[in-house]
Amino acid sequence: MTTVQTTAQGRQFPKFDLARLLGTVFKPTFGRKICILIDLPDLAEAKDYAFLKNPARPIQKRAHDHFYQGLKNGVAEELALQGGEMYAYQQTTGSNLDLPDLCVDMSGKELSLEKDIYPNYEIILCISTFSATAPLTAFAKQYGFRGATLHGVNDVILNSGLAVDYEVVSKDAEKLRKAMTRADAVEIDFTVENGPDMTVRLELGQQEAQKSHGLCQGDAPDIANLPAGEVYFVPTGAEGTFPLKYEDGTLGKLTVTKGCIIKAELIAGNQSTIDAHNAKLADDPMTGVLGELGFGTQVLPVSGADIQDEKVLGTCHLATGRDDHLGGHITPAQFKRHQNATHDDILFAPHKTPNFDIKQTRMFRDGKVTVLNEHFQPSKYLLEALAAE
C-alpha cells in the first residue's frame, strides 16, 4: 500500500532557494526593510556572532548561514529589500510565550524590540528555538509589519518544507479548507497498544475553517508559520478521552470535559509524570484548555520537528493553551502563571506516537458524517478534494 509517508520519502524537492521562498511568501515591493530575529539563552553569544562557534546553537547557525548570509549575498538585492540585520532576544522557556523586550545586535548593543525593531521593519523573520507565532502576530497587528516564524529549522526542513512552492501549498490548503469548513464537529477514534480505545469529540459550531498556507503577501500585518500547510479550527467545546505520549515516553489517558483536560491517568510509564501533569491542571486549569484542532495538508518527510511534521497530510493535532493568534479568546492574562501561557501542540503521527493509532477521524456537517482520515492516511473524500481543479 502506498502511503503518504512512503510517497514523501520518495518525493524529490528542489534545492532550497531563499529568494524563491521570500519572493513567493511575501512578494515584497521595492525597498521593503527586512531583519532576522534569533533567540539565545545568553545574549552575550550575539557579540561578534559568538554563537556560531557553539555546536548547541544549530538553529541560530542556520539562521545566519542560510538567511542572514543569503540576504547579504545577493537575495536582498534581487528582491530589492533593504536592511538584512540580525538581532537576538533572550530565549523564552516555552512555545509561544510572550517575548522579552530586550534584544541585542551582533555588536552586543542593547536595543528594544518595541522601540527599535518592530516599528522600523516591514518584514521580520523569526528563526528560533521556541515558536514565537502568537506574540509576533499580536505585535504585527500593533506595529504593522509582516513576518514569518520558523522555529526549530533543521536540514530536513530546509530541503523539503522550505523548498516547496508556496503558491501550490496555498491552493491545496484552500481546497482542503473548503472541504472541511463550517463543520459542526469532528470525532477522533484512537486505538492504543495495551490500553483502552478512546474517542474525543471536538465541537466546531459551524465556524469558518482557517488555513496556514504560507503566503503573507500585500501590506496587511500578518505572520506566516513556516513550513505551512494546515487547516485548523478553534474548538468551541470538547468531550471524551484521548491518549498522550509525554516527553519521557510515558503514555497517559486524558479526560476532556467542556473543552478542557481535567485529569490524566497512567497507561504505561512513570506515575510521577502523570502526577505532575495532574498537579499542573489543578494549579492552573487554563493549561488544559484545548485551543486548536489541526489537519496537515502537505506531503512532506518526517523532520523530527513538529513545525513540519504537523503539516503532513493524514496527521492531525490538538493544542492546549493560548489561541489568541488563531482567532480564539484564550490570552496569556487568563493563566494563573505567566510561564504557563504557552500554546503546545499535541501531534498524532506514526513516527511520534507509534504505540497508538488514529483509527478514524470523521466530520459532522449538515447532517452528514464524512470520514477525513484513517490510520494516518487521508480519506477518499480529502484526496478527491485535493485532485479537484
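The C-alpha centres of domain 1 and domain 2 lie 29 Å apart. Domain 1 covers residues 17-159, and domain 2 is made of 170-212 together with 228-387; such bounds come from an automatic or database domain assignment. The model is a predicted one, in which local features need pLDDT of at least 70 and side-chain atom pairs count only at pLDDT 80 or more, while totals for chains, interfaces and linings use all residues. Residues are numbered from 1 along each chain as its sequence is written, and side-chain values use heavy atoms, with hydrogens and water left out.

The two domains touch. On the side of domain 1, 14 residues are in contact with 15 residues of domain 2, where contact means heavy atoms within 4.5 Å. The size of an interface is often given as the accessible area lost when the parts come together. Here the buried area is about 1100 Å², and carbon and sulfur atoms give 58% of this area. Buried area is the accessible area, taken with a 1.4 Å probe, that two parts lose on being put together, summed over both.

Which interactions cross this interface? The rule finds 1 salt bridge between domain 1 and domain 2. A salt bridge is a side-chain nitrogen of Lys or Arg within 4 Å of a carboxyl oxygen of Asp or Glu. There are also 4 residue pairs in polar contact between the domains, both residues at pLDDT 80 or more. A polar contact is a pair of N or O atoms within 3.5 Å; within protein, one must be able to donate a hydrogen and the other to accept it, and residues adjacent in sequence count only if both atoms are side-chain atoms.

On the side of domain 1 that touches domain 2, the elements giving two or more residues are α5 (133-143) and α6 (155-158). Helix α5 gives the largest share, 4 residues. Helices (H or I, at least four residues) and strands (E, at least two) are DSSP runs, numbered from the N terminus.

Helix α5 also takes part in an aromatic pair. Y118 and F139 have ring centres 4.6 Å apart and planes at 25 degrees, so the pair is stacked. Rings of Phe, Tyr and Trp (its six-membered ring) pair if their centres lie within 6.5 Å; planes under 30 degrees apart count as stacked, over 60 as edge-to-face and the rest as tilted. Y118 lies in the loop between α4 (113-117) and β5 (123-127) and F139 in helix α5, so the pair ties together parts that are 21 residues apart in sequence.
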